[in-house]
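Thanks for coming, everyone. Let me put the structure on the screen, and then we'll walk through it.

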Amino acid sequence: MRRAVTERLMARTYMCPMSGCWLFCGAINSKGYGVLTRRLAHRVAYELLVGPMPAGMCVCHRCDVRCCVNPAHLFLGTHQDNMDDMTAKGRRNGVSAGTNNRHAKLTWESVNAIREGYANGDSYAALARRYGVGPTAISRVCRGQSWVALGGSMAPAGARGIRRGSKGGGAGAVYQPSIAGASK
Ligand SMILES: [Zn+2]
């Protein structure tokens, strides 16, 4: 049973080589969390791959990617810890540098995950639902009209539909999400 659930979880998980996130590709609820066997997928992942979740605790994301189920990105916290963590990361009031603008709902982590998802065939609409932003915002991210990293590259190599004749992705365009994301 336990093994079967683990297999179902992993069969629906895409490991993003850039962010290290394990993106859950199954059902996603309205808040952007993965759902497996009627439970939150990251909680299922934590229990299967880390250990039991004590009563009253919740599983929080270090990476802020709600559909991520990488046990290394998950940690146990109280509800208050989760709130404090969100405040520290600027998710509650949009106060962190770099995300304190109209893109406040997105982070470099989620932007990378969105581009990965798009490169793997997810639609703008599906990504918009998953990350709680509008399809236009997703389109701008995927086409490199927003969240442009240092070096000017917009999307990982292999992303489809960037634009015909694009010079992006050449040797000079080095994607550097870690550097750009460090501007906290
Ligand atoms: Zn993650």
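What percentage of the 184 residues in the protein is buried? Buried residues make up 32%. Buried here means that 20 or more other C-beta atoms, placed from the backbone, lie within 10 Å of the residue's own.

Some ground rules. This is a predicted model: local features need pLDDT of at least 70, side-chain atom pairs count only at pLDDT 80 or more, and totals for chains, interfaces and linings use all residues. Numbering starts from 1 along each chain as its sequence is written.

Now confidence. pLDDT is the predictor's confidence in each residue, from 0 to 100. The protein has a mean pLDDT of 76, with 72% of its residues at 70 or more. In residues 150-184 the pLDDT is below 50. That stretch still has 52 contacts in the model beyond near neighbours in sequence. A contact means two C-beta atoms, placed from the backbone, within 7 Å.

Next, the layout. The protein has seven helices and seven strands. These are DSSP runs, numbered from the N terminus: helices are H or I, at least four residues, and strands are E, at least two.

The axes of α4 (residues 108-119) and α6 (residues 135-142) come within 10 Å and cross at roughly 85 degrees. Axes are lines fitted to C-alpha atoms, for helices over the stretch in contact, and angles run from 0 to 180 degrees between N-to-C directions. So α4 and α6 are roughly perpendicular, a label for angles of 65 to 115 degrees. Val 111, Ile 114, Arg 115 and Tyr 118 of α4 meet Ile 138, Val 141 and Cys 142 of α6.

Notes. Parallel < 35°, antiparallel > 145°, perpendicular 65-115°, else oblique. Buried ≥ 20, exposed ≤ 12 C-beta atoms within 10 Å, placed from the backbone.
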